Amino acid sequence: MNSAKITTDTIRQMKVEGRKIAMLTAYDYTFAKIIDEAGIDIILVGDSASNVMAGHETTVPITLDQMIYHGSSVVRAVKQALVVIDLPFGTYQTNTELAMQSAIRVMKETGAHAVKLEGGENVVATIKMMVNAGIPVMGHIGLTPQSIYQFGTYKTRADNEKDAAQLIKDALLLESVGCFAIVVEKIPAALSMELSNSLKIPLIGIGAGKHCDGQVLVMHDMLGLQSTFTPRFIRKYAQLKTVITDAVKQYSQDVKANEFPNDSESY
Ligand code: KIV
């Protein structure tokens, strides 16, 4: 397990030293405390909270206030990991002033260490302004769930020459304006290798193969807390849905049979 507090500088240095970066999402105090104590490098308060915590079909509906609520809950739990918070849809795309206000609110009201936002060339000016204002920014390219209605599909991105060339261009632009890392989602593994070799900053993949400098998964997926969303890039490290179901059934049975509480559990 690591012991020093992880900073954006640590993350950059990990790539230099060839040490892989492990990142997971969290949205609440209890889980954030567990995964921080387990030694995760980066905790992402993802806008996937929209799906995982609120049950929406996409990440589009979640608001800035809701992200700040989740983010501050996570920050209160974390002693070591770098905490990155997603700027939700509609809080940075329309103009740089709004984007700055959103990022500043996230930094001031949550105590997080960085923000993440989706896009390439189209968000470069915004990212440049944030970085100049002292806000660390993580980019996110490839499959960008906030634009799902524009693409209409969750299929693999940049799987042709033209899109691959644009993705590389986007990544280099994000690096040039000061992103400290880039998440790349659902692209061919061979393209990730080329991207990682072209970038000095870390490339953190989800569904992007093993050549990335790090990996990120949605915590609820890798813990097996859900069984409906099953793309091949999710490896289940536990089957918590089964564990919880069995525990709840047992508790229910014990209550109904008057076997809970027993004398030693009573006053
Ligand atoms: O919101 C999220 O969970 C994310 C990850 C999938 C990278 O952006």
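What distance separates the centres of domain 1 and domain 2, taken over C-alpha atoms? The two centres are 38 Å apart.

The structure is a predicted model, in which local features need pLDDT of at least 70 and side-chain atom pairs count only at pLDDT 80 or more, whereas totals for chains, interfaces and linings use all residues. Residues are numbered from 1 along each chain as its sequence is written, and side-chain values use heavy atoms, with hydrogens and water left out.

**View 1. The two domains of the chain.** The domain assignment divides the chain into domain 1 (8-236) and domain 2 (239-267); such bounds come from an automatic or database domain assignment. Contact, defined as heavy atoms within 4.5 Å, links five residues of domain 1 to four residues of domain 2.

**View 2. The interface between domain 1 and domain 2.** The size of an interface is often given as the accessible area lost when the parts come together. Here the buried area (accessible area, 1.4 Å probe, that two parts lose on being put together, summed over both) is about 430 Å², with 57% of it on carbon and sulfur atoms. On the side of domain 1, Leu 223, Gly 224 and Leu 225 lose the most area to domain 2, together 67% of what that side buries.

View 3. The rule finds three residue pairs in polar contact across the interface, both residues at pLDDT 80 or more. A polar contact is a pair of N or O atoms within 3.5 Å; within protein, one must be able to donate a hydrogen and the other to accept it, and residues adjacent in sequence count only if both atoms are side-chain atoms.

**View 4. The cis peptide bond at Pro 261.** The peptide bond from Phe 260 to Pro 261 is cis, with omega near -5°. Pro 261 is found in the segment after helix H11 (240-256); helices (H or I, at least four residues) and strands (E, at least two) are DSSP runs, numbered from the N terminus. Asn 258 also lies in the segment after H11, and its phi is near 60°, a positive value in a residue other than glycine. Asn 258 is exposed, with a relative accessible area of 65%; the classes are buried under 20%, exposed over 50% and partly exposed in between (1.4 Å probe, protein chains only).

**View 5. The loop residue Lys 186.** Lys 186 is placed in the loop between strand S6 (181-185) and helix H9 (189-198). Its phi is near 50°, a positive value in a residue other than glycine. With a relative accessible area of 23%, Lys 186 is partly exposed.

View 6. Thr 8, in helix H1 (residues 8-16), is buried at a relative accessible area of 16%. Residues up to four places away in sequence aside, Thr 8 touches Leu 82, Pro 136 and Phe 180. Thr 230 occupies the loop between helix H10 (219-222) and H11 and counts as exposed at 56% relative accessibility. Thr 242, found in helix H11, counts as partly exposed at 44% relative accessibility.
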